[in-house]
Amino acid sequence: MPAPSLAGMQTNTSSQPNGRLARLGDLAYRRRGRLVLAWIAALGAVLVLAPRVAGDFSSNFSFPGTESQQAADLVEAHFPRSSGESVNVVWEAPGGARAAQPRIDRFLAKAERVKDIGRPSKPRYSRGGTIGLVQIDLEKRSIEMDVGSGKRLIELADETSGNGLRVELGGNLIQQAQEQAAPEFIGLIGGAVVLLIAFGSVVAAGLPLLVAAFGLGISATLMGVVALLVDTPDFAPAVAGLIGIGVGIDYSLLILTRFRAALIGGAEVRDAVVEAVSTAGRSVIVAGLTVVISMFGLFFMGVSFLYGVALSASLAVLVVVIAAVTLLPALLAFAGRRVDRLHIPGLGRSLRTADGTLATRWSGLVQRHAAVAAVAGAVVLIALAAPVLGLRYGFPDEGNDRQGTSTRAAYDLASRGFGPGASGPLLVVAEDKVGLETFAAQARRQPGVSYVGPVRVSPDSEAAIVSVVPKTTPQDAATTDLVHELRELSGPGIYIGGLSAAVIDQSEYVADRIPLFIGGVVVLSFLLLLFAFRAPLIALKAGVMNLFSVGAAYGIVALAAEGGAFGSVLGVDTDTPVPPFIPVMMFAVLFGLSMDYEVFLLSRVREEYARTGETHSAVANGLARTARVITAAAAIMVVVFLAFVFSSEVFLKLMGVGMATAILVDATIVRMVLVPAVMQLLGSANWWIPKWLDRALPRFEPKHATTR
């Protein structure tokens, strides 16, 4: 079978570069000063202008058609000063909670003057009399409120505490107001350390960091504009920032490595820049588009708050892709052969050359035993994915907040005084007071119910609400069962709502749409790789391999969420449900990033195959020439994603360890075992394409290219 055309993946070292990317590289070399100034100007303009039109980070977590949403709509229509959400005020006084009530009343009076803070409920006291509990209504949903209101409540609680009285606050508003670490900066520092180890040169390590910093500065600022256009949750900047940093460093690493390899091979600086952009740059563009396509798969979910995440992450990726193929080549043109200056002794051997004798020997071993290697690799990945069978969807409650926070202290106090379910009451709303009173009497007899409050009638007498406190925590599976039991018990016009019920409805809503989402992303990614490599089996293999990687990540997340020894290392001490949007977001991110390494490797393998027309040596040489850069790139991504572990949010911890696992698995078991084994088994069929499909597919570059 004849070797396929590489269409722009080869080097043209003539004075007139052939191909769009080669011409772009030549332009970056000739106009390097103007390009760098243009990027500086763009960063300055964005930093000055974007904040003036930026919107607030908020999200619409409503799910139309769910029972909890019907309850919320009734509350909004008939209880004008209540959103259905509240802040828990829990206090402990050794002399008795009742004795401290006057001080609590003064706190509540001040709290009512805080913006969007409503009226408090009647106080409850624990059986021992030392713990008291009051719930303050919020006039708006917590995600719509100014975080300053939550911070002011925390200040008032601190002022009230003292002289034996301890006041703690719980609820979503308080969680949002608590100070949180910025994981993206931790990821940037971790990436810098890996780059220094890999390159051993301050200059070489600094260039990818500079590109990532430019990308982060521009995209993070523009996320405020995204928030103005669509609902964007407050965790979107952290997710998008870490993705942008990771891919920005990775893409720069690929181009920089190819540039250094060309210099070592004797090329002039101009030719090295052109080669890096026309070969590695093409891989960067394809990889970046794959990540963007994967992120846009979130739109298949039909969940509005994920749209902002998709747009924010896609924006971060697109900015760093453009920076990698324009700003970085201009910087390399300035650096030239000084790219290895400021060398650190003992470091940098891993990327000093493009050859890899160890990787060559490893590839030979895998290819000689291709069938055994393919089966063994698949078995390991299936074993890693096995815990996903026990994955339970839901949202972690405040019992997972870190020790020392007010929300965790309030949760512990409320649980000790009133039972585990006190921090997550259900809100039952009805159009008829009499029917609701009958339901409340029946609910009190349910074995899973700890407490049922008094029925309250709306100001217009058109609706009524009652609070039902489960015996179990909001994240407990028994609470989910109780919600379904109460819904079977309730009659027409009675709706089980509140935050805990809304979480259950959201989990089921999202979980039902996950298969559609995964199918959409896989199909779109398959089509992109088919366009890029013009090889159906290669595109199909890539999709299947990436599903293996993501499956292993899901298994690790499920294992961590179970708590135990592994979970406790991450700060997950008890069996915790996994928010359903985590598998969705992980799949979108990981499927795209896994394709990065697939593109990195296959681009080089295809170059070798075009040169020799022989599969065995093409795979071996392609693996040898990319193993080091993929290892370094994967190490950076692992470090960046592990920065999520330092977040105070449990769902970010789980997502971080899951994504780090997937990247590690993908760069080792998948890329070093399964890919060479399967490509060896397929042989020349790797590059097979029906003639009709070859004619139908568009080409990214001219059909004929000059090879070196």
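Colleague: Over how many bridges do strand E3 and E4 pair in the antiparallel sense?

Modeller: This is a predicted model, in which local features need pLDDT of at least 70, side-chain atom pairs count only at pLDDT 80 or more, and totals for chains, interfaces and linings use all residues. Residues are numbered from 1 along each chain as its sequence is written, and side-chain values use heavy atoms, with hydrogens and water left out. Helices (H or I, at least four residues) and strands (E, at least two) are DSSP runs numbered from the N terminus, and two strands pair if DSSP finds at least two bridges between them. Strand E3 (residues 124-125) pairs with E4 in the antiparallel sense, and the number of bridges is two.

Colleague: Which residue takes a positive phi in the hairpin of E3 and E4?

Modeller: In E4, Leu133 is the bridge partner of Arg124. The hairpin has five residues between its strands, and the residue with a positive phi, near 80°, is Gly129.

Colleague: How many bridges join strand E1 to E4?

Modeller: Strand E1 (residues 86-92) and E4 run antiparallel. Val89 stands opposite Val134 in E4. E2 (residues 117-120) is also antiparallel to E4, joined by two bridges, whereas for E1 the number is seven.

Colleague: How many of the residues of strand E4 are buried?

Modeller: Buried means under 20% relative accessible area, against over 50% for exposed and partly exposed in between (1.4 Å probe, protein chains only). In a regular strand the side chains alternate between the two faces of the sheet. In E4, Ile131, Leu133, Gln135 and Asp137 on one side and Gly132, Val134, Ile136 and Leu138 on the other are all buried. For strand E4 (residues 131-138) the count is therefore eight of its eight residues.

Colleague: Is Ser500 buried or exposed?

Modeller: Ser500 is found in helix H17 (residues 499-533). Leaving aside neighbours within four places in sequence, its contacts (heavy atoms within 4.5 Å) are Gly424, Leu426 and Pro474. With a relative accessibility of 8%, Ser500 counts as buried.

Colleague: How are H4 and H5 oriented to each other, roughly parallel or roughly antiparallel?

Modeller: Axes are lines fitted to C-alpha atoms, for helices over the stretch in contact, and angles run from 0 to 180 degrees between N-to-C directions. Angles under 35 degrees count as roughly parallel, over 145 as roughly antiparallel, 65 to 115 as roughly perpendicular and the rest as oblique. Helix H4 (residues 101-111) and helix H5 (residues 147-160) pack at about 160°, with axes 10 Å apart. H4 and H5 are therefore roughly antiparallel.

Colleague: Which residues of H5 make the contact with H4?

Modeller: From H4, the contact is made by Arg103, Phe107, Lys110 and Ala111. On the side of H5, the residues are Leu153, Leu156, Ala157 and Thr160.
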